[in-house]
Amino acid sequence: MRPLKTTGLLLAFFALAAAGSAQGPPPGYYSTVDTTTAASLRSTLHAVIDDHTRYPYTSGSTDTWDILGLAQRDPANASRILDVYRNRSFVRQSGGNSFYNREHSWPTSYGFPSNGSGNMPFTDCHMLFLCDDGYNSSRSNKPFGNCTAGCGELTTDANGGVGGGSGVFPGQSNWTSGSFTNGTFQVNVFRKGDIARAQLYADVRYEGGTHGITGVSEPDLILTDNTGQIAASNTGQNESVAYMGRLAVLLDWHYADPVDAFEQTRNDIVASYQGNRNPFVDHPEWVDCLFVGSCEPGAPYCSPAAANSTGQPAVIEGRGSAVIADDDFRLLAFQLPNQAAGFFLCSQTQGFILNPGGSSGNLCLAGNIGRVVGGQIVNSGFFGSFAVSVDPTALPQPTGSVSAMAGETWNFQAWYRDFAAGQVTSNFTDGWSMTWQ
Ligand SMILES: [Ca+2]
Ligand SMILES: [Ca+2]
C-alpha cells in the first residue's frame, strides 16, 4: 500500500527536512506486514515490533537516560536536550537531576507500576520522554484530552522553530484541568502528534502474552474513550489488561500534528537500541486502517501511469474490505482531468500494452478483461476523481459477470477520456491488485 496523497506529500517534505539525520526503517523491516484488514494489520505489525531488547530504567551501564538523552537532543546543540511538554533546552545529564526527569506518557499507574526486571512497558523508550520536572508533576497520570473548562496553562519555550507565547488558548501551550484519573492533559500543538503516536504504538506493541525471548508476561495495553475503564486500570499493581486514552482525541492529534524530523530522529535512536520501531512514525497512514477501519485492500502496480493533460499521472486505489462476505470494496481514481468520462476495468491477469488503440496511456491488464466494474460509466466532475462500489459477486467478464472466489487475485484499472493538444484521446490510471478473502 502507499500513503494517501496528502500524507505522502507531507512525508516527502519532512523527509527532505530531516535529510542527513533521519534514517527510517531498514530495508524489509515491514515486509511481512499485511494491510488488508485492521485485524491482519494489527497481528502482523505486532509481530514486527514485538520482543524488543529491554534496557534498564536506571543503571551504571546503558539505561533509559542515555537513550533518551540522544533521542531528544536539541537540534541546535547536541550537548543539550529538548523536553517534551515545555520544549525547554536543558544541558544533557547522564542521570537524575533537578531540571528534567522521565515522563511515562502512558502512566505506569495504568497497568505496570511495579518496575521489575521483566516489566517491558516501564522502560520502553518509545513511550518514555524526557520532561521538565514541574510539567511532569502537572501531567501526573491525567488521561490525554482536549481541555474544555478550568484549564491551567503550561507555556512552552521557543526552540527548534516551535513553541513560545502565552495567554491564548490553545496557542502553543499545554493545558490541564482536574487531577489524576479525573483530569485532562492537553499537549501542545507541536508534540501532541508525537504523544499520540507513542500511545498508538503502546496499544499494538502490548497485546498480552509473554516476551518471545525472555518469557516474561506482558500486559495488553488498550486505548479507549471510556474514562471509567482507564480509572479501573489504576489498581496499584501490574495488570494483564490496562486502558488509557482518550482514543478519539489521540487520533485527532495524530492527524493534526504530522511526523517531523525531531520525531523521526527520536524513533531512529530508540530503534537503534531496542531493535524495534514506532511504526506510526514510519507509516502514519496505517492508523486509518488499524484504528478507523479504513484499510487499503491490495496494492498498486504498473505505477506510475502515463501523465495526462493535468500534467500528473492518474492514480487508482482500493478501499474497504477484501472479504467477499463484507461486500464493502470500492475503487477510487483521482488526479484525473475534470469532467472526464471513464470506467473501471478488471482481469485476473496483469499485462502491459503501450498506447493501446491510440490511447495516451498504457493498459496494465491482459487475458479476459471485463469493462465497467461497478456497472457505471462515471464522470470525474470538478474535482478530477471518480469512484464506484464493486460487487464481488458480479465482476464483469467478456462472457458475463462472475463471482470472485476467496484466494483469487484480481487486477483493476480505470480508463478515462482526455483531451490533449486539442485532440480527443484517452488514458489509464496505474493498476490495483488485490486478493479476495
Ligand atoms: Ca510533532
Ligand atoms: Ca494492545
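In this predicted model, Ile67, Leu70 and Ala71 of helix H3 meet Arg266, Ile269, Val270 and Tyr273 of helix H8. These contacts are a handy place to start a tour of the fold. Helix H3 covers residues 64-71 and helix H8 covers residues 261-274. A pair of packed helices is described by the angle between their axes and the distance between those axes. Here the two axes come within 8 Å and cross at roughly 150°. Because an angle over 145 degrees counts as roughly antiparallel, H3 is roughly antiparallel to H8. The crossing of H3 past H8 is right-handed.

Stepping back to the whole chain, the domain assignment places residues 5-292 in domain 1 and residues 299-435 in domain 2. The centres of domain 1 and domain 2, taken over C-alpha atoms, are separated by 40 Å. The secondary structure of the protein consists of 10 helices and 22 strands. With a radius of gyration of 25 Å, close to the 22 Å given by the globule rule for 437 residues, the protein is therefore as compact as a globular protein of that length. Its C-alpha trace extends over about 75 × 45 × 40 Å along the principal axes.

The packing can also be described residue by residue. Of the 437 residues in the protein, 43% are buried.

Notes: Residues numbered from 1 in each chain as written. Chains lettered and ligands numbered in written order. Predicted model: local features only at pLDDT ≥ 70, side-chain atom pairs only at ≥ 80, totals over all residues. Domains from an automatic or database assignment. Helix = DSSP H or I, 4+ residues; strand = E, 2+ residues; numbered from the N terminus. Rg over C-alpha atoms; globule rule 2.2 N^0.38 Å. Buried ≥ 20, exposed ≤ 12 C-beta atoms within 10 Å, placed from the backbone. Axes fitted to C-alpha atoms, helices over the stretch in contact; angles between N-to-C directions. Parallel < 35°, antiparallel > 145°, perpendicular 65-115°, else oblique. Left-handed = near helix turned anticlockwise from the far one by under 90°. Contact = placed C-beta atoms within 7 Å.
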